[in-house]
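Subject: structure handover

Hi,

Here is the structure I said I'd pass on.

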Amino acid sequence: LIGRDRECSPCATQQALQCKEPVNIEKYVPELGKHLDCRSSPVLDESGDIIRIVEHLRDITERKQAEKEKEKLQVQLRQSQKMEAIGTLAGGIAHDFNNILSSVLGYTELSMEEVEKDTLLHQNLSQVFAAGNRAKDLVKQILAFGRNMEQVFIHTPIEPLVKEALKMLRSTFPSSIEIRESINIEQGVVYADPTQLHQVIVNLATNAKQAMSDKGGLLEVSVETASFDENIQEKYPDIPPGNYVRLSVSDTGCGISEKYLDKIFEPYFTTSETGTGSGLGLSVVHSIVKTHNGHITVYSESGKGTTFHVYLPLAEQERSRVASPVQEYEALQTGTENILIVDDEKPIVEMQQQILEGLGYKVTSRTSSTEALESFRSDPNEFDIVITDMTMPNMTGDRLALKIKKIRPDVPVILCTGFSEKINKQKNGDPGVEGCMMKPVTRTELAKTVRTILDKFIHPGL
């Protein structure tokens, strides 16, 4: 290093000559592959003239690398804090939006009961009901992205899931991007969390849209079966032999440079411009696929496009019947018990009252948690069950449940919420309530839950 000091620190030497003071300059020397701290110290004679320059070069490469890593971690921390804030915001949005959907779905169901089937009006209402359920699922997607939601694995037909996701995505894509689907599978069932698989499709499609944002292009989504023998593990050691569903998402966008292909699944890695991507989309996809015992591969060429292949194990079960969005109302369970309903949203209270009274129950409704508590306190034995909203002014639903329990411990309470945290708490043994329902609550779910709780806690011997 000493032999190269003049090459390494000419700027430091020049400044030291000019100011006659020690000068420090940090610089990177490509020939050495090192970061150096260059210090030039002038030595003066008695008259103040410089008689020589003493230069000291110190290798600070490790320190610079540590600073770079620290900066990277700080960026990741800021991204993590941003996502936590988004999760909190999503929870608030979900609560308000689910309240709106409760009225949309509930009143649509009530209206369908009053209309003859096979009429145009009944068909139109069925479409409103189906759209409301799609919006309900969309809220779940927002919550799943913003927070770590509990996974629910069920046997899931892949075909309707993909079609539903693409149907939702079409409205968000510009006209310059064409979407084609090719589903060459009739009984493709995977054991999976439908909400998370929906997110995989949305994230991959969104990634493709960003790649084609400048010039437009073609997005192709295909589903087919794939079978692998033992030889597959020579190329992909993580894929066991067997039968799989292969979901492919291809675009004709800008592609991904080969030097980045090994990094695209890393959290916070993004090639998008600042503000256009979080760097989380593909890492979330990778995490979900691995959780489902699947595998994901990518092929890309710069300027030609990218293709992702997602392999999910094919479940050993015939395709289950996809439930119709219109419920079979004839099978609804009825009753004659007295019910106290509490919700600060008047349309929801009136809608639930109509449903339950139509099923034979006697219903008392309140839009204030404090008024509901006074009604219960005035005659605790009048009510067989209490249904209360979670988020209300003055007193939340779980606090109301505890106060009611102090008055009469044996009365069952059902908690309704537009957000899932309380649901998870109740599943883990919250003593304040006997049941929870996630808004928006359908007519069928309301009838089944009320009857189940009443039979379990009020009429256990029947």
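Let's start with the sheet: five strands form an open sheet in the order 5-7-8-10-9, with mixed pairing. (Strands are DSSP runs of E with at least two residues, helices are runs of H or I with at least four, and both are numbered from the N terminus; two strands pair if DSSP finds at least two bridges between them.) Strand 5 (177–183) and strand 9 (295–301) are the edge strands, each pairing on one side only. From one strand to the next, the twist averages 15°.

Strand 9 runs antiparallel to strand 10 (residues 305–313), with seven bridges in that pairing. One of the bridge partners is Y311 in strand 10, which goes with H295.

A quick note on the source: this is a predicted model, where local features need pLDDT of at least 70 and side-chain atom pairs count only at pLDDT 80 or more, while totals for chains, interfaces and linings use all residues. Residues are numbered from 1 along each chain as its sequence is written, and side-chain values use heavy atoms, leaving out hydrogens and water.

Cheers

Conventions:
Axes are lines fitted to C-alpha atoms, for helices over the stretch in contact, and angles run from 0 to 180 degrees between N-to-C directions.
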